Amino acid sequence: MGIRKLKYYLLIGVVMAIAVTATAVAAGDTTAPVVSSVTPADGSTVFTNGDSTRYYNNGSKTAAPYVIKADYSDEVGGSGVDASSVMVHLDGTGIGDGFMLMDCPVQSTTHVECNAPAALMSAGTHTLHVYVWDVAGNKTVNGSTFTVVVDILAPTYSNLSPADGSTIYTSHLNSASTNDSSALRFDYDIADADPSSGWSPMNHINDSFPPGGGMGAMIAGSSCTKTPTTNPTHYSCQANRASLLHLGDNTLSVLIKDNVNNQSSDYGATPGAPDTRKHYTVVDDVAPAVSGVTADATTISASYTDPLPTGALSANLASGINAASVMVHVDGMMVGGCTATATGVSCPTPAGIKYGPHLVEVFVDDNASTANHGSGSGTFTFTTCTPARPDLSVATKYAYWADFASYHNGVLSVKLTITNNSSTAANNVTLTGASGITNGVTQGASGWGADLGTINGGSNTVTSVAFSVGPEGSQPAGFKATISASAVDDSGAHYTYPI
Ligand SMILES: [Ca+2]
Ligand SMILES: [Ca+2]
């Protein structure tokens, strides 16, 4: 036997006794349904604002009305929940007393949701009872005791860093990811007077004033973290990845809401409110980067960019290349006739440049500052002229003993004058050896194989080479030798000589 529950519709505020009527029911089900997942949970707090339009409970922010919920089920094989039997009562102590919630948009065999009128969600402690019968008439009651707390004050913030009016340099904006503690952040402390529903910091870069023309770039959520994580009030909100940050004047609007939407804001909630947005000047202090310096007989060229901060979501954080600033030097001398764009420069290789290594340097500034001075360089060997064999000759200037040991060991130094009889330069002139030496004399160790550098056309250079002439007492009065040499002309062609 069981009973069948008849639902009574009670007026809010009227306490009535529940009446039941005994009827015949299906036999076998003597187990009551189970009620679970009651919201608000037992012991929890429901925050609301001053006009009961917002609620916050257990991490869930909702608009009015507050929705009381529960799940329930009958046992497997049972008669099943009688959906029409479900009742939700506030502040009663038994069946039928307290305030029965009448506005229940969801009331199924598994779940009920009832809207709680603001008048019933007054400040203080409340009891909640959820009554459920199965079809066989077995009753369950479950519920919770919860507290409603009214939070009417908006949070405030203090100790903003960097302070209003600060300059922000783009070199400080590098960040590979959110929550990069080394990147620029806006830091501040938040306070919300008791009783506090809690808060979530939110900031807007370059929002309009008054607000409404656009939300700017929001810094919130995972970009705002407690620092350290154990500090309940200090927040760091990463700024550099904000997509609307740009060079020049930027504004910051700190918008702080508590969990029931009491908010304080730097941008004024209503037209006519003072504009209290904070201002920051963002300055490009990152120099251009030069790459790909190349040079050959006809062209010198290079590429460059003005780098954005790493991780920047805005393309407006680099001032760009000042093409008029581009200079190309070869061996410290400015190259003329260059064409410079925002991305690269190309110059004709200077005419008449000689064979050999030359330092090529490229200098470029960005549009922000001549202090942002980028450079790149390379060393190149140019081959710019027609091959022409230099005419070299050699003459003995005099012979001498370099020191007593040389005299004793028979190492004679011979000072030679090497003359370039042609009009073009002989580069890398090297005396490579001696042959056909007479009177038992042999080539010595020093002086041979050294790069004597360039002998310009019509010029000469003097150097010494050594010969072994035998020990003291057996040295010849004189000897002859043919000297071999090598040189490179200004086109880079190599030549060998007997001279
Ligand atoms: Ca508050
Ligand atoms: Ca720059």
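**View 1. Domain 2 and domain 4 of this predicted model have centres 79 Å apart, taken over C-alpha atoms.** The chain is divided into domain 1 (3–150), domain 2 (156–283), domain 3 (289–382) and domain 4 (392–498), with bounds that come from an automatic or database domain assignment. This is a predicted model, in which local features need pLDDT of at least 70 and side-chain atom pairs count only at pLDDT 80 or more, while totals for chains, interfaces and linings use all residues. Residues are numbered from 1 along each chain as its sequence is written, and chains are lettered from A and ligands numbered from 1 in the order in which they are written.

**View 2. The whole chain holds one helix and 38 strands.** Helices (H or I, at least four residues) and strands (E, at least two) are DSSP runs, numbered from the N terminus. The radius of gyration, taken over C-alpha atoms, is 47 Å, well over the 23 Å that the globule rule gives for 499 residues, so the chain is more spread out than a compact globule. That rule is 2.2 Å times the number of residues to the power 0.38. Along its principal axes, the C-alpha trace spans about 150 × 60 × 45 Å. Of the 499 residues, 34% are buried. Here a residue is buried if 20 or more other C-beta atoms lie within 10 Å of its own, exposed if 12 or fewer, and partly exposed in between, with C-beta atoms placed from the backbone. Among contacts (C-beta atoms, placed from the backbone, within 7 Å) between residues at least 6 apart in sequence, 68% join residues at least 24 apart.

**View 3. Strand S11 (residues 111–116) has side chains that alternate between two faces.** Strand S7 (residues 66–73) pairs with S11 in the antiparallel sense over six bridges; two strands pair if DSSP finds at least two bridges between them. In this pairing, Val67 stands opposite Asn115. Strand S10 (residues 106–107) also runs antiparallel to S11, joined to it by two bridges, and Val106 has Glu113 as its bridge partner. S10 and S11 form a hairpin, with three residues between them.

**View 4. The largest nonpolar core has 31 residues.** Such a core is a set of buried Ala, Val, Leu, Ile, Met, Phe, Trp, Tyr and Cys residues joined through C-beta atoms within 7 Å. Ile68, Val88, Val130 and Val132 have the most contacts inside this core. Which residues does Val88 touch, not counting those up to four places away in sequence? They are Ile68, Met100, Leu101, Cys104, Val112, Cys114 and Val130. In soluble globular proteins, nonpolar side chains tend to be buried together.

**View 5. Four strands make an open sheet in the order S14-S16-S20-S19, with antiparallel pairing.** Strand S14 (156–161) and strand S19 (224–226) stand at the edges, each with a single partner strand, so one side of each has no neighbour in the sheet. On average, neighbouring strands of this sheet are turned by 30° against each other, direction ignored. Axes are lines fitted to C-alpha atoms, for helices over the stretch in contact, and angles run from 0 to 180 degrees between N-to-C directions. Three bridges link S19 to strand S20 (residues 234–238) in the antiparallel sense, and Lys226 stands opposite Tyr235 in S20.

**View 6. Another open sheet has three strands, in the order S34-S37-S38, with antiparallel pairing.** Strand S34 (427–435) and strand S38 (494–498) stand at its edges; each has a single partner strand, so one side of each is left without a neighbour in the sheet. Here neighbouring strands are turned by 15° against each other on average, direction ignored. Strand S37 (residues 482–488) is joined to S38 by five bridges, and Ala485 stands opposite Tyr497 in S38.

**View 7. Asn262 sits in the loop between strand S21 (248–258) and strand S22 (263–265).** Is Asn262 buried or exposed? Asn262 is buried, with 21 other C-beta atoms within 10 Å. Leaving aside neighbours within four places in sequence, Asn262 is in contact with Asn49, Asp151, Ile152, Leu153, Ala154 and Lys257.

Notes
Contact = placed C-beta atoms within 7 Å.
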